[in-house]
Amino acid sequence: MSISIDTTAPAPEVSPGAHRRTRLRDDRRHALIFLGPSLLGLALFTLFPTVMALVMSLFNWPVFGDRTFRGLDNYARLVGDPIFRQVVLNTCLFVVLYVPLNVVVSLGLAAWVSPKIKGRQGFRILFFIPVLTPVVANAMVWRLMYQPGGLLDSVSQTVVGSPAPSFLASSSTAMLAIVVMSVWQGFGYNFLVFSAAIDQVPLEQLEAAAIDGASGRQRFWHVTLPLITPSIFFAITLTLITSFQVFAQPFLLTKGGPGNATQTLVLFVYNEGWRFLHMGLAAAAGWVLFVIVMGITAIQFLGQKRWVHYG
Amino acid sequence: MAEARTLASRRRLAAGLRAVISHALLVVLALLFAAPLIFAFATSLKPPDEVFTAPPTLVGSELRFENYVEAFRFAPFARYFFNSFLVAIIGTAVVVAASSLSAFAFARLRFPGRELLFVLFLGTLIVPQEVLIVPMYWLMQVLGWVDSYQALILPFAFTAFGTFLLRQFFLTVPAELVDSARVDGAGLFNIFFRIMLPLSRPALAVLAMFTFIGYWGSLLWPLIVIDNVNAKGTVPLGLNQFIAQQGTQYHLMMAAAMLAMVPSVLLVVLLQKNLTRGLLTTGFGGR
């Protein structure tokens, strides 16, 4: 699957002369009506709040009560706050663990579940199910996994004879437990993206390589992989961006604990805004996230020329 | 000659054996992947005192289907399901309507600044929902929408994803169809409703299903904007409250979780071959 964002639509065929002029006038009049709802919605619910987020981040803005302009005070507080620094590190740790794991698992499985595999559609559906089921339900299922006495613990007691560690209660394993659950839940998306891309690889090229004596592994590394780099690029960018926004898994599994060991950026925004009612500080933390996301997008688009082969 | 033939057949045999082993391994892996779901479902049918056993069991001493009924008695799940369906259905209608209208303008109408406006549309995709929630909550306060259905439905109904997806599809509808209809004197709304929408049914269905699932599973925004969970809460909010109040009743929690998954699983099975096309629509990537 190649994702090209082409912003120019081919011009509709227009007959010459008067027709053309009345039609253009007609088009222009209707454009506003057709675009109206989306324009209004995007302006009110996306553009305006984006600007307001910046404005709010410059104020001491309690949910109720008086607001006072504070300049960059909120940002200074964030920089000086050891908890916020830990939150940023936690988020980075999640990203560094989650993104490579997700991409390796989904790419590996996509290559494995090749078009020759029987019941391929069944595997696709199965792997995609947790992508679409509510995160809360997924998290409940995984609490049952990680819980002392839960599935992992009882398997460990049966096989090894000793109880498993309490994964979510220990700060050394909690983040890893969240990552594992997240990979389980999320890799089906990239799996499908890679599967679709692998299906597009021309059979003749693979056969030609096979005739030249290339092994299966060589064919994957030297034929398939270069041809699907646009999809890999797309998947990594998207996964990076969404993983910086991780919220539901730590919120549901650990509430950010033990201590602050699994508190992430968005969890911090939520806590500051709706537990401590510091909307200004929450908005500033939100903008930090926004800058990170913009940065990744920029780096990825600059970097893609180096290693992406667009066919 | 004969030697070469046995060599070739042996190689074929080895390849066949490898394929069988590879497939068997894959099935084992798929079972491991499904294990949490299978075990959760099994737990939802167990008596409460048989949830935690070593070695783990799949079937308890009896199959307690009453767990599902009991879960509904412990929390107003009927209400949560009603709210979720209401919000998801209306939200999906709004998203499909707004995106198809604007997609038509970008695909088939000529007006000054079209390309620039489209780039601006796409540009809004870079703003994460998580950045918007703080000012959005303030906006809801100003509008008096806190704790309301419209607050659950409208704020995130206008995204450029749908417009982008449908525009790409509209572009594949032959321009001659639209043009000849115009020559015959058909108005643009007629063309939109009578030609464009019927021809785009597959794309509309994909957008609708993914949007529905997005609303169905949404947690963060409802968590913020809904105070009275028992009146306006959606299923994820209900489950979250259930965890807080009945966090040790795993047999009931699993029953509730299984029910919440049903619509999503149904849609995955229904979507099947269209899954890939839907991937781009609502940003489920690597969640």
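Domain bounds in this tour come from an automatic or database domain assignment, and for chain A that assignment gives domain 1 (18-57) and domain 2 (73-307). What you have open is a predicted model, in which local features need pLDDT of at least 70, side-chain atom pairs count only at pLDDT 80 or more, and totals for chains, interfaces and linings use all residues. Residues are numbered from 1 along each chain as its sequence is written, while chains are lettered from A and ligands numbered from 1 in the order in which they are written.

**Confidence in chain A**

Helices here are DSSP runs of H or I with at least four residues, numbered from the N terminus, and in chain A confidence is highest in helix α3 (residues 82-112), at a mean of 95, and lowest in helix α6 (residues 151-159), at 83.

**The two domains of chain A**

Next select domain 1 and domain 2 of chain A, whose C-alpha centres lie 35 Å apart. Counting two residues as in contact if their C-beta atoms, placed from the backbone, lie within 7 Å, four residues of domain 1 of chain A are in contact with seven residues of domain 2 of chain A.

**Helix α12 of chain A**

Now move to helix α12 (residues 265-275) of chain A, which is largely enclosed by the rest of the structure because nine of its eleven residues are buried, a residue being buried if 20 or more other C-beta atoms, placed from the backbone, lie within 10 Å of its own. Among the buried residues of α12(A) are A:L265, A:F268, A:Y270 and A:E272, and the helix is followed by A:L277, whose phi is positive, near 60°.

**The domains of chain B**

Turn to chain B, where the assignment gives domain 1 (2-66) and domain 2 (68-278), with 36 Å separating their centres, taken over C-alpha atoms. Nine residues of domain 1 of chain B are in contact with ten residues of domain 2 of chain B, and the largest share of the domain 1 side, three residues, comes from helix α1 (residues 2-43) of chain B.

**Where the chains meet**

Finally, show both chains together: 87 residues of chain A are in contact with 84 residues of chain B. On the chain A side, the largest share, 20 residues, comes from helix α1 (residues 18-57) of chain A.

Key. A residue is buried if 20 or more other C-beta atoms lie within 10 Å of its own, exposed if 12 or fewer, and partly exposed in between; C-beta atoms are placed from the backbone. Helices (H or I, at least four residues) and strands (E, at least two) are DSSP runs, numbered from the N terminus. pLDDT is the predictor's confidence in each residue, from 0 to 100.
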